[in-house]
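Reader: Could you take me through one part of this model closely, beginning with a single side chain and its surroundings, and then show me what lies around it? I would like the cut-offs spelled out as you go.

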Amino acid sequence: MRIGIVTLFPQMFAVLDSDGVIGRARSAGKWSLDCYNPRSYTSDVHHTVDDQPYGGGPGMVLKPEPLAAAIDAARANLGAARVTFLSPSGRRLDDSLARALAGEGEHIFLCGRYQGIDERIVASRVDRQVSVGDFVVSGGELPAMLLIDAMVRFLPGVLGSEESLAAESFAAGSLAAPCYTRPAVFEGMEVPEQLRGGDHRQISDWRRQAAARRQKEGSAKPDGI
């Protein structure tokens, strides 16, 4: 998988090279990432990428010219890629969307900043929009990293086992059951007896019931809790 990121802060994506499943997958050549900074596509001495919004109001808006040039440069290298804008207006990211996007070999992710981006970029160059939730963050970089992490896990060989993918919470359609490891007793709290007996049917039944209880309890919580 090849990914291009249009961002004012390319250094933020260095964290994806760190240790862990995603970093190891990148080192193994299972996916690659290149950043395209709109500041590199400006023509003035100050490398201006933003301006005041028409109609007034707070904040600044990313200008269309440098964004368009950066996106076009990414497209020149990633001819099959669709442009995904990380935006609260987009489709909510979930397991099925991450799996579907993982099936595409090339991606361009557009990361907004400030008050937003000029809407003409959305109209002329954005193919789809994806949201990671109903909350505000400083820019599209963190949402893009969340999406990349979720996608890369679906690439063949990244997790080392197809069973790992199938067993994950949202692949199973509900939250996972609680997990335990040794020691059997910690600060007076014991691992459930059903998990220690070696009876695979009993273990499976316990995990299914515990997952159902967790799902029900999570659904019953008030918003924001």
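Author: Happy to! Leaving aside neighbours within four places in sequence, Arg 128 is in contact (heavy atoms within 4.5 Å) with Arg 82, Val 83, Thr 84, Phe 85, Leu 101, Glu 104 and His 107. Before going on, please keep in mind that this is a predicted model, where local features need pLDDT of at least 70, side-chain atom pairs count only at pLDDT 80 or more, and totals for chains, interfaces and linings use all residues. Residues are numbered from 1 along each chain as its sequence is written, and side-chain values use heavy atoms, with hydrogens and water left out.

Arg 128 is found in strand β8 (residues 128-131); helices (H or I, at least four residues) and strands (E, at least two) are DSSP runs, numbered from the N terminus. Its relative accessibility is 15%, so Arg 128 counts as buried; buried means under 20% relative accessible area, exposed over 50%, and partly exposed in between, with a 1.4 Å probe and protein chains only. The side chain of Arg 128 also makes a polar contact with the side chain of Thr 84, at 2.8 Å. Such a contact is a pair of N or O atoms within 3.5 Å; within protein, one must be able to donate a hydrogen and the other to accept it, and residues adjacent in sequence count only if both atoms are side-chain atoms.

Helix α3 (residues 95-102) packs against helix α5 (residues 141-152) at an angle of about 75°, with the axes 8 Å apart. Because of that angle, α3 is roughly perpendicular to α5. Axes are lines fitted to C-alpha atoms, for helices over the stretch in contact, and angles run from 0 to 180 degrees between N-to-C directions; under 35 degrees counts as roughly parallel, over 145 as roughly antiparallel, 65 to 115 as roughly perpendicular and the rest as oblique. From α3, Ala 98, Leu 101 and Ala 102 make the contact, and from α5, Leu 147, Ala 150 and Met 151. These residues divide into 6 nonpolar, no polar and no charged, where Ala, Val, Leu, Ile, Met, Phe, Trp, Tyr, Cys and Pro count as nonpolar, Asp, Glu, Lys and Arg as charged, and the others, Gly among them, as polar.

Back to the strand that holds Ser 89: its place is in β5 (residues 82-92). Ser 89 has a relative accessible area of 62% and is therefore exposed. Ser 89 and Ala 100 are 11 residues apart in sequence, and their C-alpha atoms are 19 Å apart in space.

Some backbone details may interest you too. Most residues other than glycine have a negative phi, and most peptide bonds are trans. Tyr 114, in the loop between β6 (106-110) and β7 (116-117), has a positive phi of about 60° although it is not a glycine. With 40% relative accessibility, Tyr 114 counts as partly exposed. Glu 187, in the loop between β9 and β10 (189-190), likewise has a positive phi, of about 50°. Glu 187 counts as exposed, at 67% relative accessibility. Finally, a cis peptide bond joins Arg 182 and Pro 183, with omega about 10°, and Pro 183 is found in the loop between α6 (162-167) and β9 (185-186).
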